[in-house]
Amino acid sequence: MIGAVFGYVCCIFVGAAQTDALQLVAVPVMAIVEAAIISIVACLLATAIPLRSIARMSIVDSIETVE
């Protein structure tokens, strides 16, 4: 949510730079949804890849890796 708010504020400032007037613009819902989906996928991949390699290890090896 914080990223969406900052993104909206940036849209307002970019629009103000183009038109030389500060005005509210429509909320870019699709851009916010796309950014959220990409963030979720990136987080899942960043978690899944290391866990996949640890899952192939024996329990003792995985505990030693964490320590």
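At 72% relative accessibility, Asp-20 counts as exposed, because the cut-off for that class is over 50%. Asp-20 sits in the loop between α1 and α2 of a predicted model. The protein chain holds three helices and zero strands, and of its 67 residues 7% count as buried.

- Phi of Asp-20 is near 60°, which is a positive value in a residue other than glycine.
- This positive phi comes just after α1.

**Fold and confidence**

- Read from the N terminus on, the elements of the protein chain run α-α-α.
- The mean pLDDT of the protein chain is 81, and 90% of its residues reach 70 or more.
- Confidence is highest in helix α1 (residues 2-19), at a mean of 85.
- Confidence is lowest in helix α3 (residues 59-66), where the mean is 68.

**Helix α1**

- The 18 residues of α1 should span 26 Å at 1.5 Å a residue, and the end C-alpha atoms are 26 Å apart, which agrees.
- Four residues of α1 are buried: Tyr-8, Ile-12, Gly-15 and Ala-16.
- Seen down the axis of α1, these buried residues fall within an arc of 105°, so they line one face of the helix.
- An α-helix has 3.6 residues a turn, so residues three or four places apart point the same way.
- On the other side of α1, the exposed residues are Ile-2, Gly-3, Phe-6, Phe-13, Ala-17 and Gln-18.

**Surface and the nonpolar patch**

- The accessible surface of the protein chain comes to about 5700 Å², and 74% of this area belongs to carbon and sulfur atoms.
- A nonpolar surface patch of about 610 Å² is made by Val-27, Val-29, Val-33, Ile-37, Val-41, Leu-45 and Ile-49.
- One of the patch residues, Val-41, lies in helix α2 (residues 29-55).
- Val-41 has a relative accessible area of 43% and is therefore partly exposed, since that class lies between the cut-offs of 20% and 50%.

Key. Residues are numbered from 1 along each chain as its sequence is written. This is a predicted model: local features need pLDDT of at least 70, side-chain atom pairs count only at pLDDT 80 or more; totals for chains, interfaces and linings use all residues. Side-chain values use heavy atoms; hydrogens and water are left out. Patches are made of residues with over 30% relative accessible area and no salt bridge: like charges are joined within 9 Å, nonpolar side chains (Val, Leu, Ile, Met, Phe, Trp, Tyr) within 5 Å. Accessible areas come from the Shrake-Rupley method with a 1.4 Å probe; for residues, only the protein chains shown count as cover. A salt bridge is a side-chain nitrogen of Lys or Arg within 4 Å of a carboxyl oxygen of Asp or Glu. Helices (H or I, at least four residues) and strands (E, at least two) are DSSP runs, numbered from the N terminus. Buried means under 20% relative accessible area, exposed over 50%, partly exposed in between (1.4 Å probe, protein chains only). pLDDT is the predictor's confidence in each residue, from 0 to 100. The expected span of a helix is 1.5 Å times one less than its number of residues. The arc is that of the directions from the helix axis to the C-beta atoms.
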